[in-house]
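Here's a quick briefing to read with the model open beside you. It starts where two chains meet, then turns to one chain by itself.

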Amino acid sequence: MTGPLPLKAIADSVRSGARTSVDVATEYLDRIERGAALGAFLAVDRARTLAEAAAVDARVARGEALPLAGVPVAVKDNIHAVGFTTTCASRMLEGFRPPFDATVVEKLRAAGAVVLGKTNLDEFAMGSSTENSAYVACRNPWATDRIPGGSSGGSAAAVAANLAPAALGSDTGGSIRQPAALTGTVGLKPTYGRVSRFGLVAFGSSLDQVGPMTRRVEDAAMLHDVLSGHDPKDATTSARPHAPTAPHVGDGVRGLRIGLPDEYFGDAVDSEIRASVESAGRALEAAGAVLKRVSLPHTPHAIPTYYIVATSEASSNLARYDGVHYGRRHPEAVDIASLFTGSRSAYLGKEVKRRILLGTWCLSSGFYDAFYDRALRIRSLLKADFDAAFRDVDLVLCPTTPTPAWRLGEKISDPVQMYVADILTGACNLAGIPGLVVPCGTTGQKDTRLPIGAQLLGPAWSESLLLRAGAVIEAACWDPSFVPSFGSAS
Amino acid sequence: MSTTLERWEPVIGLEVHVQLGTATKMFCGCRNLFGAPPNALTCPVCLGLPGALPVPNRRAAELAIRFGLAVGGTIAEVTRFDRKQYFYPDLPKGYQISQDKGPIVTGGTVTTSFFGDGKTIRLIRAHLEEDAGKGQHEESGGSTLVDLNRCGIPLLEIVSAPDLRSAEDAWAYLNELRLTLRTLDISECDMEKGSLRCDVNVSIRPRGTTPFGDRVELKNLNSFRGVERAIRHEIERQAALLEAGGKVELETRLWDDEKGESRLMRKKESAPDYRYFPDPDLPPFAVGRAWVDRVAAEAPELPLKRLERYTSVYGLSDYDAKVLITDPSICRYFEETTALCNDPKNAANWITSELFGLMKGGVSIDDVKVRPTHIAELVALVKDGTLNVRSAREVLAKQYEDPRPAKEWVEKLGLVQVSDRDALVAIVKKGMEMNPKAVADLKAGKEKAAGAIVGYAMKETKGRGNPAILNEILAELLKTF
Ligand SMILES: [Zn+2]
């Protein structure tokens, strides 16, 4: 056994009849059971998943051409999949059963994928460690006393521990890329408007994108090709046709100009991480790319800008959880005001409430111009930074996180420390550009090896280039078949 | 003019919400209908379920553009949606999608040509938004039920400048606005069904001064007459306050039409902060010249244009033309009739004097069994001499109850006009013999005297004599009599 198979190999084996979709699903459901202590999943339904798998086998038998035949995919629990609850890891949506599939899930299912279960996250995707889950903390398979990152921590942990061959995440300020970096997995945040948000529970609507989290770059490309495209149900998706990326993953980087932004290699970033990403740069150079230093001067403003935009939108998006129409309703409410405040006070978590208050304040009369409006203006400056850089280079290579995975509880009482974890990822969402994280090495510290992720950023619609460069780094710096033995904490 | 109005000048502005007559809702595919069972017309989008997203209805934007063009407003080159945020049980998302900074229409005017004295009222803006649901409070049980069928129906909010100076002005403006909206098929504007709603801002100032006084907003107005009454009441209330040395507070008041008085809803300081911001789910969209041109090309004729056509091309009197135009369904009925009989004057006459005479108690012309085909047939039958006017009237009265074709009624009632010359000559001769005085008067040039003889002939023919032929025969016989 050479370790976990690429998605294409799984689909090939099911299509050829070597294995059934039910066999594959069973294998992963068993692994999920053995890895339950990781807290990666919030909902698993063996019977439901096996029934889905059996339906795929029947479609294969009928001769349907299914690019993802029998590929099990774990879905972050803020994305609707009919048959499973969508809780967003919140008490507010405990037991909520969505009446429709998210467009991304509909596309996966149409392509022959099987939903393996719903993965853990920070409540409503608000957090960087998955500790804000109202149900269970999630652990990093590389060191189970450490966080897997967030908010797509469950998806990242599931893929890293090979409880799922692939997963969906959502990324508002780094929620795919940061956990991918901290768990040694591949994560793609597509260009804003490339992938439908219909059926993704909104956090920061102008920032949110759904993307793949996988073991391998080629797997990410394969899923990205299935997920992408215009959706008439999401007015923010682009009508621009999607050009498949998977056929070009191996095209290499010869002649590509790759920028290293000064602002992302500062002292705030661990030296080991800087060194590891620089070595990924040398791998690209060795493959024929040209490295250049570039500057993204407004980067220091990315974090405050991101938190103003994201919390403002969140304060509005989460107004619907009022106990009236669905979700939990406070039992002691005596009138409409106490129904609203009672339900929201009781069933929304601390971090969610903190962000709603912050966002409400930023949009309030008298503060709007100084905060929200100013944030929008800085947002366009950040975008202009990237536009300028991409006149000189094709892509940018930088670290994803300032530190490797930290210990559970280490930052949970200090929200600002936690917010700083997004320092290298937020600008990408504000600019609407795509970002890919590929593991490029590990820390060599004493007792613990922890993964490091290289982040590639490109102009809008450049996913194909990102994936090509990612594949070069992967080939030179990483063994995607390695699965950490997550049995005990280090 | 009341003594109050001698001292005080009212300054009034109206905010009118109309539901747009689209097939589907503003941001989802649910049908836009009135009167369906509660919550039958809902989907994840208009229920505000997590994960659902709005997609704008282009038709609603087109109707808004049509309105903007009709009132001479400016159509935004780029329009956008904002979220207006407040908590209310009938608002499932916790915000209403509206337009704050980028309304689709700005400016424009409405002139009270049909209902008022021709005054021109400026508009500030007209913007698109979605309607909220409807709460039903059960007073006894204390529970509240919510019907979300209305939630997401497209609305156009039309905001006038404070150009109105009396309750009558407001009434005329509302009627004029409704006429435009109905004629252009933009909205049904039925206040009873809630497809037109109106809030009023009223302030007063001493006559001869220019600064505005503090204004009061009136809500819960359920009819145009109610709007008039509420404004009159508010003017008196404010004048009394000021004349007693008091002060008008900036506030919102609810009108109670039954009691004929208003009560405080909220003071200005407790007005909600709506925290408007651009809706990130709906990118701003460009309204291109080509689109506006297409909307303009397919728009129905405006009331004033129509008035000009009816009077100059159709030769209708100003009065008749206005009677037809002020009710778009009557106007449609008239147009259909005219298209069939090609005789607008007679069509108008038969509709406004004969048919209206039969319609009693607020019957709508759309519910009348007599259709334009019936009227057109009667006009033709009179024209070709088959029926005289009197018989045609009788047929119409029968058709009003039982709309079988005129020819069937003519046969059944034996109403075919007698045009047989020989038979009529004998009758007229007899009439002349019986009315020597009338004959003498006629010879002396008193033409009115013919009535007695023709009247006799009509009686003899049971009203079926052809009056034109009778008059002709009488003229001939007079020469030799
Ligand atoms: Zn709907």
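**Where chain B meets chain A**

Between chain B and chain A there are 11 residue pairs in polar contact, counting pairs with both residues at pLDDT 80 or more. Keep in mind that this is a predicted model.

**Who does the touching**

- On the chain B side, the elements giving two or more residues to the contact with chain A are β4 (82-85) and β16 (277-278).
- Sorted by class, the side of chain B that touches chain A has 22 nonpolar, four polar and six charged residues.
- The head count for this contact is 32 residues from chain B and 39 residues from chain A.

**How much gets buried**

- The area that chain B and chain A bury between them is about 2,700 Å², and 63% of it is on carbon and sulfur atoms.
- If you want names on the chain B side, look at P50(B), L53(B) and F87(B): they lose the most area to chain A, together 23% of what that side buries.

**The salt bridge**

- There's one salt bridge between chain B and chain A.
- The partners are R197(A) and D281(B), with their closest N and O atoms 3.0 Å apart.

**Chain B on its own**

- Chain B splits into domain 1 (3-290), domain 2 (301-413) and domain 3 (421-478).
- The C-alpha trace of chain B spans about 95 × 55 × 55 Å along its principal axes.
- Chain B has a radius of gyration of 30 Å, whereas a compact globule of 481 residues would come out near 23 Å.

**Domain 2 against domain 3 in chain B**

- Taken over C-alpha atoms, the centres of domain 2 and domain 3 of chain B are 31 Å apart.
- Four residues from domain 2 of chain B and six residues from domain 3 of chain B make up the contact.
- These two domains of chain B bury about 280 Å² between them, with carbon and sulfur atoms giving 43%.
- The side of domain 2 that touches domain 3 in chain B has no nonpolar, three polar and one charged residues.
- You'll find zero salt bridges between domain 2 and domain 3 of chain B.
- What there is across that interface includes two residue pairs in polar contact, both residues at pLDDT 80 or more.

Note on methods:
Residues are numbered from 1 along each chain as its sequence is written. Chains are lettered from A and ligands numbered from 1 in the order in which they are written. This is a predicted model: local features need pLDDT of at least 70, side-chain atom pairs count only at pLDDT 80 or more; totals for chains, interfaces and linings use all residues. Side-chain values use heavy atoms; hydrogens and water are left out. Contact means heavy atoms within 4.5 Å. Buried area is the accessible area (1.4 Å probe) that two parts lose on being put together, summed over both. A salt bridge is a side-chain nitrogen of Lys or Arg within 4 Å of a carboxyl oxygen of Asp or Glu. A polar contact is a pair of N or O atoms within 3.5 Å; within protein, one must be able to donate a hydrogen and the other to accept it, and residues adjacent in sequence count only if both atoms are side-chain atoms. Helices (H or I, at least four residues) and strands (E, at least two) are DSSP runs, numbered from the N terminus. Ala, Val, Leu, Ile, Met, Phe, Trp, Tyr, Cys and Pro count as nonpolar, Asp, Glu, Lys and Arg as charged, and the others, Gly among them, as polar. Domain bounds come from an automatic or database domain assignment. The radius of gyration is taken over C-alpha atoms; the globule rule is 2.2 Å times the number of residues to the power 0.38.
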